[in-house]
Each structure stands twice: as C-alpha cells, then as structure tokens.
Amino acid sequence: MEFDLTALKASGKFETDFSGELLPGERLTDLEGYQISGPIRLQGHLSLLRDSCVVDCDIAYTLAGECFRCLEPATREYACSFTEEFTSRSSEDSYTYFSNRLVIDSAVEDAILLSLPTVFTCTDNCKGLCPVCGKNKNAGDCACESDTK
C-alpha cells in the first residue's frame, strides 16, 4: 500500500485514516505448512511529522493449510498490528520512504511474519488423531485403550 505524501501535505492535512487490501508479497507466498488465503486487510492511521511518518496499522489475514494435529484442511483468521516510524533518511533501525512516496508493504509483511503460529491447527483445542487407530478425535472418541494408566 502506497501513500503520496506530497498530496497529503498539499491538502493541508498532516494525518489521515486509511483502509484497504494488500496481496501477499513474495516473502509471504512460500510459508511452510500453510499459506495466506486471499488478500491481507489493513486499517490504520498515518501521521506526518517533520522528517518522518508514524503509521499505526491493524492487520487481518486468513491462513489455510493442513492442521498439524488432525491433518484435516483448515482455514483460520488471524490479526496483528504494528506502530512504526518511517523516515526519509536511510537508517538500519527504521523503515524509509523515498521521493515523498511511503510504501508500508515491508512493515506489514514483517508484522505478519512475527505473528504467524509456530504450529498451524484447525482450532486452539484440536484433539488430534488417536495414536493407536488414527481416528480423528475431534469427530468422537475411539475404542482404543487410553495409555494414561
């Protein structure tokens, strides 16, 4: 998502709300065990300062893949957010923008990468498969003996 800071300044405003969608970039298309399904949804606020911009952004995205526990196909919604300062001067410690064009895609991708689950499951309380017979325990109990003796 890109913002034209020249147009923002010319309008006499130094802050604006935004919302929109972003397609997953290259770093988000090769995830192991799941993939982002559909566009990434963004809603946020941009504040223009003297030599920088502060962006507050809420992110919502959908992951699709195979549940790690029960091996069933699953789709789940996730959310994350970031508050970052973008500067017009090159810096290793902050995001930069050039020629009054602010692109927040890298910050969005970084926030998503940091929020991804380490193990993708269909639900938080997935019961998984029976280690004896392989039945999906989410569909009901099996007749196997419990090994918790």
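This is a predicted model: local features need pLDDT of at least 70, side-chain atom pairs count only at pLDDT 80 or more; totals for chains, interfaces and linings use all residues.
**Exercise 1. The largest nonpolar core**

Task: Determine which members of the largest nonpolar core touch the most other members, and which element gives the most to this core.

Solution. 
- Step 1. This core has 34 residues, and those touching the most other members are Ile40, Ile59, Tyr61, Leu102, Ile104 and Ile112.
- Step 2. At least two residues each come from α1 (5–10), β2 (15–22), β3 (34–36), β4 (40–48), β5, β6 and α2 (105–115).
- Step 3. The element that gives the most is β5, with six residues.
- Step 4. As general background, nonpolar side chains tend to be buried together in soluble globular proteins.

**Exercise 2. The surroundings of leucine 48**

Task: Decide whether leucine 48 is buried or exposed, and identify what leucine 48 is in contact with beyond its neighbours within four places in sequence.

Solution. 
- Step 1. Leucine 48 is part of strand β4.
- Step 2. The relative accessible area of leucine 48 is 9%, so this residue is buried; the cut-off for buried is under 20%.
- Step 3. Once neighbours within four places in sequence are left aside, the contacts of leucine 48 are Leu5, Leu8, Lys9, Phe14 and Cys53.
- Step 4. One of these contacts, phenylalanine 14, is 34 residues from leucine 48 along the chain, yet their C-alpha atoms are separated by 5.0 Å.

**Exercise 3. Aromatic pairs**

Task: State how many aromatic pairs there are, and classify the pair of phenylalanine 3 with phenylalanine 18 and that of tyrosine 34 with phenylalanine 120.

Solution. 
- Step 1. The count comes to four aromatic pairs.
- Step 2. Phenylalanine 3 and phenylalanine 18 lie 4.9 Å centre to centre with 65 degrees between the planes, an edge-to-face arrangement. Because phenylalanine 3 belongs to strand β1 (residues 2–4) and phenylalanine 18 to strand β2, the pair ties together parts that are 15 residues apart in sequence. Both phenylalanine 3 and phenylalanine 18 are buried.
- Step 3. The ring centres of tyrosine 34 and phenylalanine 120 are 5.5 Å apart and the planes stand at 50 degrees, so this pair is tilted. Tyrosine 34 lies in strand β3 and phenylalanine 120 in the segment after α2, so the pair ties together parts that are 86 residues apart in sequence.
- Step 4. Tyrosine 34 is buried at a relative accessible area of 9%, and phenylalanine 120 is buried at 3%.

**Exercise 4. Positive phi values**

Task: Locate leucine 71 and asparagine 100, and give the phi of each.

Solution. 
- Step 1. Leucine 71 is in the loop between β5 (52–66) and β6 (73–87). Its phi is near 65 degrees, a positive value in a residue other than glycine.
- Step 2. Leucine 71 is partly exposed, with a relative accessible area of 44%.
- Step 3. Asparagine 100 is in the loop between β7 (95–96) and β8 (101–103). The phi of asparagine 100 is near 60 degrees, again positive in a residue other than glycine.
- Step 4. Asparagine 100 counts as partly exposed, at 27% relative accessibility.

Key: Residues are numbered from 1 along each chain as its sequence is written. Side-chain values use heavy atoms; hydrogens and water are left out. Helices (H or I, at least four residues) and strands (E, at least two) are DSSP runs, numbered from the N terminus. Buried means under 20% relative accessible area, exposed over 50%, partly exposed in between (1.4 Å probe, protein chains only). A nonpolar core is a set of buried Ala, Val, Leu, Ile, Met, Phe, Trp, Tyr and Cys residues joined through side-chain atoms within 4.5 Å. Contact means heavy atoms within 4.5 Å. Rings of Phe, Tyr and Trp (its six-membered ring) pair if their centres lie within 6.5 Å; planes under 30 degrees apart count as stacked, over 60 as edge-to-face and the rest as tilted.
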